[in-house]
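Please look at the structure below and keep it beside you while you read. The paragraphs that follow lead through it one part at a time.

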Amino acid sequence: NNRPNDLSAFWMPFTANRQFKQTPRMLVAAEGMYYTTDDNRQILDGTAGLWCCNAGHKRAKINEAVRAQLDELDYAPAFQMGHPKAFELATRLAQLMPGDLNHVFYTNSGSESVETALKIAIAYHRARGEGQRTRLIGRERGYHGVNFGGISVGGIPTNRKTFGTMLGGVDHIRHTHLPEENKFVRGEPENGVWLAEDLERLCALHDPSTIAAVIVEPVAGSTGVLIPPKGYLKRLREICTKHGILLIFDEVITGFGRIGTPFAVDYFDVQPDMVTTAKGLTNGTIPMGAVFATDAIYDAFMTGPENMIELFHGYTYSGNPVACAAGLATLEIYEEEGLLTRGAELGQYWEDAVHSLADLPLVKDVRNLGLIGAIELESIEGQPTKRAFSAFLQAFEKGILIRTTGDIIALSPPLIIEKSHIDELFGTLRDVLKNLD
Ligand code: PMP
């Protein structure tokens, strides 16, 4: 057998670029803000792993909770039974989430949270005698994971082109990101609200009484940190309410403090009917996700056993005790260290740092909110370049971890970041970008 034992072949970002595949960057340890590589270099984590290690790495409290849980109760089925930590965590989560998003459905990832929410939406309407509402609406440039529902409502055509049409009746709100019209500009929160009217176009096109739900990332993360003006999501809410359509916020990235409030629900002051989460819930340790649903949705399923059968759904590992223990310990750290609002405290310093790169010739746009940021590089005649990826490679060599998508560099450091780390991150990034051609 001459095939290389190359696990990275199963990991998309590694396979997407041969250059990287041939020289895998091996991370062997992590603590606080830094990774350690196999050649013993320290890499400042500018991405919280993959937008998930919000409390930084190797947190003793989480590790101890996981070990203790393994010694006490390793596993409990989620059907017809439960365990105390699943309820404790659900209670804590519901307390964190504003409004009546009081009910938690556990999953094991962001992708599963999305599938769960989409299914709950359709089953909810059916349980209320509106079985014709099966259509789902996503948004261009939305990312909702890799499963069939998620790539159907997701707004990235290349992610689904290989698989044909997956869910019937799906459509997408237009979301052209025009920096001059839709950029997050301090003091001009109404800029770009008009983009929400595209949902009315879809309602007119499809008959709104066939639409079950609209799913959007409040801030689109994976496609380049696209921050809408405040009124935009409010307008989507109004249109959904008017037509009896459920609104789902995918907060897999924005949840747990990323944009300076516990959830984007708080920052944008909009109440969706469901919120999907994962990543920061367990600080990237034990895989876990959670879908939050309102009292009305919960009640629709609890009014009769036949309604629960409409929603036959659940995972072997839903509410796994070890994941719940990790989640509870993570929430304790967030609370003790004020991490869910740290993005607001450090927001101005972060904003200044992001904007300090705006003068570089190749920088086309900069965006920021809380502790998320993006630096968009110039494309060439509208075509994406490999510049951002080249910046990623050089940045790693110089000791910082950044993330790229097309011509966009995305940043989302652990929320424990200090000003000195921000200086280090942007000092190095400036060095890299100023020499890029
Ligand atoms: N939704 C959003 C908004 C995400 O950013 C992601 C992951 N980046 C997902 C869903 C999918 O999450 P997972 O990779 O845990 O399945």
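Two residues are said to be in contact if their C-beta atoms, placed from the backbone, lie within 7 Å. This is a predicted model, in which local features need pLDDT of at least 70 and side-chain atom pairs count only at pLDDT 80 or more, while totals for chains, interfaces and linings use all residues. Residues are numbered from 1 along each chain as its sequence is written.

The protein is divided into domain 1 (7–55 + 341–434) and domain 2 (64–336), with bounds that come from an automatic or database domain assignment. Between them, 26 residues of domain 1 are in contact with 24 residues of domain 2. On the domain 1 side, strand E12 gives the most, with four residues; helices (H or I, at least four residues) and strands (E, at least two) are DSSP runs, numbered from the N terminus. The residues of that side divide into 12 nonpolar, 10 polar and four charged, where Ala, Val, Leu, Ile, Met, Phe, Trp, Tyr, Cys and Pro count as nonpolar, Asp, Glu, Lys and Arg as charged, and the others, Gly among them, as polar.

Strand E12 also belongs to an open sheet of four strands, which has the order E11-E12-E15-E14 and antiparallel pairing; two strands pair if DSSP finds at least two bridges between them. Its edge strands, E11 (363–369) and E14 (403–405), each pair on one side only. Strand E14 is joined to strand E15 (residues 408–411) over three bridges in the antiparallel sense, and the bridge partner of Arg403 in E15 is Ala410. Helix H17 (residues 347–355) lies across E11 and E12 (372–377), running at about 175 degrees to E11; axes are lines fitted to C-alpha atoms, for helices over the stretch in contact, and angles run from 0 to 180 degrees between N-to-C directions.

A further open sheet has seven strands in the order E4-E10-E9-E8-E7-E5-E6, with mixed pairing. Strands E4 (103–107) and E6 (171–173) are its edges, each pairing on one side only. Three bridges join the parallel strands E5 (residues 135–139) and E6, and Arg139 stands opposite Ile173 in E6.

Finally, which residues are closest to the ligand? Of the 14 residues that surround the ligand, the closest are Ser109, Gly110, Ser111, Gly145 and Val252; a residue is near a molecule if its C-beta atom, placed from the backbone, lies within 6 Å of it. Helix H6 (residues 110–127) gives the most to this shell, with three residues.
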